[in-house]
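Here is a briefing on one protein model, with points grouped by topic. Please look over the sequence and the coordinates before reading on.

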Amino acid sequence: MELSRYLDCLRADGDLLARAASQSLTASVPNCPGWTVREAVLHVAAVYQHKVATIRRKDRRPEVGEWPTEPPAGVAPVPWLEQSLGLLLTEFAENEPDTKCWTWYEPQQDVAFWYRRMAQETAVHRVDVEQAFGEPAPVPADLALDGIDELLERMLAYDWFNEAVDGHGESVLIDGGVQLWRLRLAEREIGFERLPVADRGTNANATVRGEPEQLYLWLWGRLPITHLTVAGDGKLARRLREHYVVASTQ
C-alpha cells in the first residue's frame with residue numbers, strides 16, 4: 001500500500017472509533033474480555049502517544065514514563081484519543097518516512113514502519129469498539145490484505161518472541177483470493193513466503209480460505225475459524241493461530 005493510503009485509513013478508522021466510543025464508555029468490548037470501551041479508547045490513545053515519543057527519540061526506544069498513558073486532568077477519554085491521533089499525524093507530517101526511528105522489527109527502522117502499524121492497530125480496535133454497539137463497518141480489502149501480510153511476515157514468522165513452534169515441516173496455506181501465503185512450521189521458527197495466485201493448487205497440510213476481511217479478523221482473533229473454508233488438517237490451522245496468540249502475549 002502507498003504511505004498516503006495508510007494515513008487515509010488511519011484517519012478514517014480513528015474517526016469511526018471515536019464516533020462509536022462516544023455512544024458509551026461503559027459498554028463491554030466483546031472481542032477483548034474484561035475491557036470496556038473506555039479501556040479500549042485509552043489503550044489506543046496511549047499507543048499513539050507512545051509512537052509520538054518513539055519518533056521524537058529517533059533511534060532510542062522510549063522508556064516507561066516517557067509517554068502519557070492517561071489523559072491530562074480535565075480531558076475526557078474520547079477527546080484525548082482525538083488529540084493523540086492528531087499529534088501522531090502531525091509527527092508523521094513533520095518527519096520524512098525514511099527518517100531513522102526505532103521499531104521492534106529490525107529490518108525496518110524508520111518512521112514509515114509506524115504508518116502501517118498504526119493504520120492496522122487502529123482498524124482492529126475500531127472493529128472492537130464498533131462491535132460493542134452492533135455490526136462494525138467493513139475493513140477495506142486492500143487494508144485487510146496488507147494486514148494479513150504484516151501479521152504473517154512480521155509477527156508470526158518474525159523471531160520477536162522466541163516461542164517454541166514444535167513443527168516438523170508442516171505447511172499452512174492462507175488463501176485470500178488475490179493473494180496466497182504459505183507458512184512452514186519448524187521446531188522454533190515459522191517460514192514465510194508469498195505465492196502467486198497461479199499456485200493455488202500447491203500442496204499444503206492445511207488451507208484456510210476466505211475473503212480478505214474474514215482472514216484478517218480471524219488472524220487477529222476477532223472472527224471464529226468457522227466463518228472460513230478450511231481444507232486438510234484443521235487442527236494445524238488452529239494451532240498456527242493459537243501459537244500467535246500465545247507468543248504475542250509473552
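**Aromatic cluster, strands and core**

W102 and W114 are both buried, where buried means under 20% relative accessible area, exposed means over 50% and partly exposed lies in between (1.4 Å probe, protein chains only). This is a predicted model, in which local features need pLDDT of at least 70, side-chain atom pairs count only at pLDDT 80 or more, and totals for chains, interfaces and linings use all residues. Residues are numbered from 1 along each chain as its sequence is written, and side-chain values use heavy atoms, with hydrogens and water left out. Helices (H or I, at least four residues) and strands (E, at least two) are DSSP runs, numbered from the N terminus.

**Aromatic pairs**

- The structure holds 7 aromatic pairs. Rings of Phe, Tyr and Trp (its six-membered ring) pair if their centres lie within 6.5 Å; planes under 30 degrees apart count as stacked, over 60 as edge-to-face and the rest as tilted.
- One of these pairs is W102 with W114, which is tilted, at 6.4 Å centre to centre with 35° between the planes.
- That pair links distant parts of the chain, 12 residues apart: W102 is in the loop between α3 (77-94) and α4 (111-131), and W114 is in helix α4.
- Y105 and Y158 form an edge-to-face pair, with 4.7 Å centre to centre and 65° between the planes.
- This pair also links distant parts of the chain, 53 residues apart. Y105 lies in the loop between α3 and α4, and Y158 in the loop between α5 (141-156) and β1.
- Both Y105 and Y158 are buried.
- One aromatic cluster takes in W102, W104, Y105, F113, W114 and Y158.
- The charged end of K51 sits over the ring of W114, 4.9 Å from its centre. The criterion is NZ of Lys or CZ of Arg within 6 Å of the ring centre and within 35 degrees of the ring normal.

**Strands**

- Strands β1 (residues 170-175) and β2 pair in the antiparallel sense over 6 bridges. Two strands pair if DSSP finds at least two bridges between them.
- E170 stands opposite L185 in β2, and L173 stands opposite R182 in β2.
- A hairpin is formed by β1 and β2 with 4 residues between them, and G177 in the turn has a positive phi of about 90°.
- β2 is joined to strand β3 (residues 190-195) by 6 bridges, and these two run antiparallel. The bridge partner of L180 is L195 in β3.
- The hairpin from β2 to β3 also passes through 4 residues.
- β1 is joined to strand β4 (residues 206-209) by 4 bridges, and this pairing is parallel. Here L173 stands opposite T207 in β4.
- Strand β1 is mostly covered, with 6 of its 6 residues buried. Strand β2 (residues 180-185) is mostly covered too, with 5 of its 6 residues buried.
- In a regular strand the side chains alternate between the two faces of the sheet.
- From β1, E170, V172 and I174 point one way and S171, L173 and D175 the other way, and all are buried.

- The largest nonpolar core has 73 residues, of which F92, L152, I174 and Y216 touch the most other members. Helix α2 (residues 37-56) gives the most to this core, with 11 residues.
- A nonpolar core is a set of buried Ala, Val, Leu, Ile, Met, Phe, Trp, Tyr and Cys residues joined through side-chain atoms within 4.5 Å.
- Leaving aside neighbours within four places in sequence, L152 is in contact (heavy atoms within 4.5 Å) with A157, I174, W181, L183, F192 and L219.
- Helix α6 (residues 212-219) is largely enclosed by the rest of the structure, because 6 of its 8 residues are buried. The buried residues are P212, L215, Y216, L217, W218 and L219.
- G221 follows α6 and has a positive phi, near 75°.

**Loop residue A132**

- A132 is found in the loop between α4 and α5.
- The C-alpha atoms of A132 and T36 are separated by 8.7 Å, although these residues are 96 residues apart along the chain.
- Beyond its neighbours within four places in sequence, A132 is in contact with A27, S28, P30 and V37.
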